[in-house]
Amino acid sequence: MPAYLFAEITITDPQGYEEYRAGARAATEMFGGKIIARTNEAEMVEGAGTGAHAVIIEFPDMDAIRAWHASEEYASPKAIRLRTATTRMVALPGA
């Protein structure tokens, strides 16, 4: 069953974050991840949040999300993201 990763990202270093994007895309695709939505115009409908950059990525299943997030392939891009942005990530199984 597909699973989804939702990330709300506040980019603090736009130039450095571009470096993250390049490496993250390749690592994400290696684990079957496919970006299904990405925007700088997220709108908060309810609750607290930044309304910043947001992305939704579809993976084959929850195990793929866990494997991707803990992988060697994602380790370097992840370190760049942690340095250039603050992020909230939520993984959820599809219905």
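Biologist: In E4, which residue is the bridge partner of Ala 7?

Modeller: This is a predicted model. Nine bridges join E1 to E4, and the two strands run antiparallel. Ala 7 has its bridge partner in E4, and that partner is Met 89.

Biologist: What is the order of the strands in the open sheet?

Modeller: The sheet has four strands, with antiparallel pairing. Strand E2 (34-39) and strand E4 (85-93) pair on one side only, which makes them the edge strands. On average, neighbouring strands are turned by 15° against each other, direction ignored. The order is E2-E3-E1-E4.

Biologist: H2 packs on the sheet; what angle does its direction make with that of E4?

Modeller: H2 touches E1, E3 and E4. Its direction and that of E4 make an angle of about 155°.

Biologist: Which residues touch the most other members of the largest nonpolar core?

Modeller: In soluble globular proteins, nonpolar side chains tend to be buried together. Here the largest nonpolar core has 18 residues. At least two residues each come from strand E1 (3-11), helix H1 (14-30), strand E3 (53-59), helix H2 (62-70) and helix H3 (72-84). The members touching the most others are Leu 5, Ile 9, Tyr 20, Phe 59, Ile 65, Trp 68 and Tyr 74.

Biologist: Leaving aside neighbours within four places in sequence, which residues is Tyr 20 in contact with?

Modeller: Tyr 20 is buried, with a relative accessible area of 8%. That value falls under the 20% cut-off for buried. With those sequence neighbours left aside, the contacts of Tyr 20 are Tyr 74, Pro 77, Lys 78, Ile 80 and Arg 81.

Biologist: How many residues apart in sequence are the parts that the pair of Tyr 20 and Tyr 74 ties together?

Modeller: Tyr 20 and Tyr 74 are both buried. Their rings form an edge-to-face pair, 6.2 Å centre to centre, with 70° between the planes. Tyr 20 lies in helix H1 and Tyr 74 in helix H3, so the parts tied together are 54 residues apart.

Biologist: Which residues do ring pairs link into a cluster?

Modeller: The count of aromatic pairs comes to four. Ring pairs link a cluster made of Tyr 17, Tyr 20, Phe 59, Trp 68 and Tyr 74.

Terms used. Residues numbered from 1 in each chain as written. Predicted model: local features only at pLDDT ≥ 70, side-chain atom pairs only at ≥ 80, totals over all residues. Heavy atoms only, no water. Core = buried A, V, L, I, M, F, W, Y, C linked by side-chain atoms within 4.5 Å. Buried < 20%, exposed > 50% of the residue type's maximum accessible area, 1.4 Å probe, protein only. Contact = heavy atoms within 4.5 Å. Phe/Tyr/Trp six-rings, centres within 6.5 Å; stacked < 30°, edge-to-face > 60°. Pairing = 2+ DSSP bridges. Axes fitted to C-alpha atoms, helices over the stretch in contact; angles between N-to-C directions.
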